Amino acid sequence: MHFGDIILDLFIYFCNMSIVKAKKSLGQHFLKDQNIARKITDSLLPVTKDVLEIGPGMGVLTRHLFANGQFSVQAIDIDQESVDYLHAELPDFQNQILYGDFLKMNLAAFYTTPFSVIGNLPYNISSQIFFRIIEHRQLIPQVVCMIQKEVAERISAPYGNKTYGILSVFLQAFYNIEYLFTVSEKVFDPPPKVKSAVIRLLRNSRENLDCEEKLFFQLVKTGFNQRRKTLRNSLRSIYPQGFESDYLNLRPEQLNVDDFILLCQQISNANQNTSSVLSVNS
């Protein structure tokens with residue numbers, strides 16, 4: 001760590017941390033280590049010009065992002081106190097620091113071209129943020145974020161792993177995921193009870209799922225909600241009577257994304273055939 005970074009860390013810790021109170025209801029844990037902040041922002045690849053930071057808090061990432069001339073950065077925070085603080089601290093960037101809710105903002109109206117997402121995501125809504133990113137995957141080719149270590153391991157887990165689950169399948173369907181590094185709980189104020197991790201998501205080449213997307217999401221959710229059962233039992237309410245597939249003899253963690261897509265196609269075809277037979281007989 002550079003001497004200047006150490007001085008900046010001490011300044012932030014002893015002076016600034018008392019200015020914005022971390023709110024438990026918002027899942028706020030402010031990063032205070034400049035070296036970690038630099039590692040996170042350096043992990044952002046020049047995939048897009050536009051970058052949106054979610055939850056800048058006290059601006060430890062924001063300052064590095066604004067200092068990097070290769071990106072056009074906007075930051076959005078649901079905490080008005082944080083926004084007011086950053087407006088005072090970074091007056092030249094007031095128009096780029098916005099008050100709002102990422103989960104509710106109209107991203108398609110805000111961005112007409114692809115943009116990257118970066119942020120120290122609140123633990124309590126990280127899954128909701130990821131589902132929002134999936135919803136707008138055509139606009140978001142890259143995500144660099146810090147989340148709970150356990151969630152990072154789950155998202156990046158390969159199939160067959162006990163931590164592989166719903167979010168693993170949904171995100172891996174559209175993104176290549178890299179677990180970059182682990183972050184100690186000691187570099188936050190207040191310190192969380194668990195370790196964190198930084199991951200990077202890069203959009204893969206899959207444009208479409210080649211199956212009914214609604215049915216795909218239903219299969220994955222239903223299967224993993226009863227992950228100890230084989231799919232024959234957990235998906236019984238979804239596939240038609242008489243349907244057979246080798247996948248039904250497996251548990252959900254034994255299927256990769258392509259397997260779930262193929263199973264989705266099989267069930268969809270079986271449902272259509274059943275509907276056709278019922279129409280003929282009616």
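A search of the whole structure finds ten aromatic pairs, where rings of Phe, Tyr and Trp (its six-membered ring) pair if their centres lie within 6.5 Å, with planes under 30 degrees apart counted as stacked, over 60 as edge-to-face and the rest as tilted. This is a predicted model, in which local features need pLDDT of at least 70 and side-chain atom pairs count only at pLDDT 80 or more, while totals for chains, interfaces and linings use all residues. Residues are numbered from 1 along each chain as its sequence is written, and side-chain values use heavy atoms, with hydrogens and water left out.

Select F66 and F93 to begin: their ring centres are 4.1 Å apart and their planes lie at 5 degrees, so this pair is stacked. Because F66 belongs to helix α3 (residues 60–67) and F93 to the loop between α4 (80–89) and β4 (97–99), the pair ties together parts that are 27 residues apart in sequence; helices (H or I, at least four residues) and strands (E, at least two) are DSSP runs, numbered from the N terminus. F66 is buried, at 13% relative accessible area, whereas F93 is partly exposed at 26% (buried means under 20%, exposed over 50%, partly exposed in between, with a 1.4 Å probe and protein chains only).

Next, select F216 and F217, whose ring centres are 5.7 Å apart with planes at 70 degrees, so the pair is edge-to-face. Both F216 and F217 are buried, and together with F131 and F170 they form one aromatic cluster.
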